[in-house]
Amino acid sequence: MKKADIVDLMEKSLGDREQARIAVDSILESIFQALRKGEKVSLRDLGTFKCVQRKARQGINPRTGEKIRIKARKAVRFSSGTKLQKAVN
């Protein structure tokens, strides 16, 4: 499923494609902003998004076998909710 598919589903319930697009964009932007601030985003029954700090580490270039240093960075983690887990199993 792509973003356009979600907009299509929202259009069916809202009756207006532009409002559906704005609603989906607004939800996604709110999630992005919260994660940028380091906040956790919990969507009941779906799951939780959170930003975590990854440490710098040693890696290996698969083409050359050369050792490389991978910089520390932030990453997003998603933990699924129980209702989502039950739906896919």
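The structure is a predicted model, in which local features need pLDDT of at least 70 and side-chain atom pairs count only at pLDDT 80 or more, while totals for chains, interfaces and linings use all residues. Residues are numbered from 1 along each chain as its sequence is written, and side-chain values use heavy atoms, with hydrogens and water left out. Helices (H or I, at least four residues) and strands (E, at least two) are DSSP runs, numbered from the N terminus. Buried means under 20% relative accessible area, exposed over 50%, and partly exposed in between (1.4 Å probe, protein chains only).

**Salt bridges**

- A salt bridge is a side-chain nitrogen of Lys or Arg within 4 Å of a carboxyl oxygen of Asp or Glu; by this rule there are 7 salt bridges.
- Arg21 and Asp25 form one of them, at 2.9 Å from N to O; both residues lie in helix α2 (residues 17-36), 4 residues apart, about one turn of the helix.
- Arg21 is partly exposed because its relative accessible area is 36%, and Asp25 is partly exposed at 25%.
- Lys3, Glu18, Arg21 and Asp25 are linked in a network of salt bridges.
- Glu29 pairs with Arg36 in a salt bridge, with the closest N and O atoms 3.6 Å apart.
- Glu29 counts as partly exposed at 35% relative accessibility, whereas Arg36 counts as exposed at 55%.
- Asp45 and Lys83 form a salt bridge whose closest N and O atoms are 3.9 Å apart.
- This pair links distant parts of the chain, 38 residues apart: Asp45 is in the loop between β1 (41-43) and β2, and Lys83 is in helix α3 (residues 82-88).
- Asp45 is partly exposed at 39%, and Lys83 is exposed at 52%.

**Surface patches**

- Patches are made of residues with over 30% relative accessible area and no salt bridge; like charges are joined within 9 Å, and nonpolar side chains (Val, Leu, Ile, Met, Phe, Trp, Tyr) within 5 Å.
- Lys40, Lys50, Arg57, Arg73 and Arg77 form a positive patch; Lys and Arg count as positive.
- Lys50 lies in strand β2 (residues 47-54) and is partly exposed at 37%.
- Met1, Ile6 and Leu9 make a nonpolar patch of about 340 Å².
- Met1 lies in the segment before α1 and is exposed at 76%.

**Ser13**

- Ser13 is in helix α1 (residues 3-14) and counts as exposed at 59% relative accessibility.
- A polar atom of the Ser13 side chain lies 3.0 Å from the backbone oxygen of Met10.

Terms used. A polar contact is a pair of N or O atoms within 3.5 Å; within protein, one must be able to donate a hydrogen and the other to accept it, and residues adjacent in sequence count only if both atoms are side-chain atoms. Accessible areas come from the Shrake-Rupley method with a 1.4 Å probe; for residues, only the protein chains shown count as cover. The place of a charge is taken as NZ of Lys, CZ of Arg, CG of Asp or CD of Glu.
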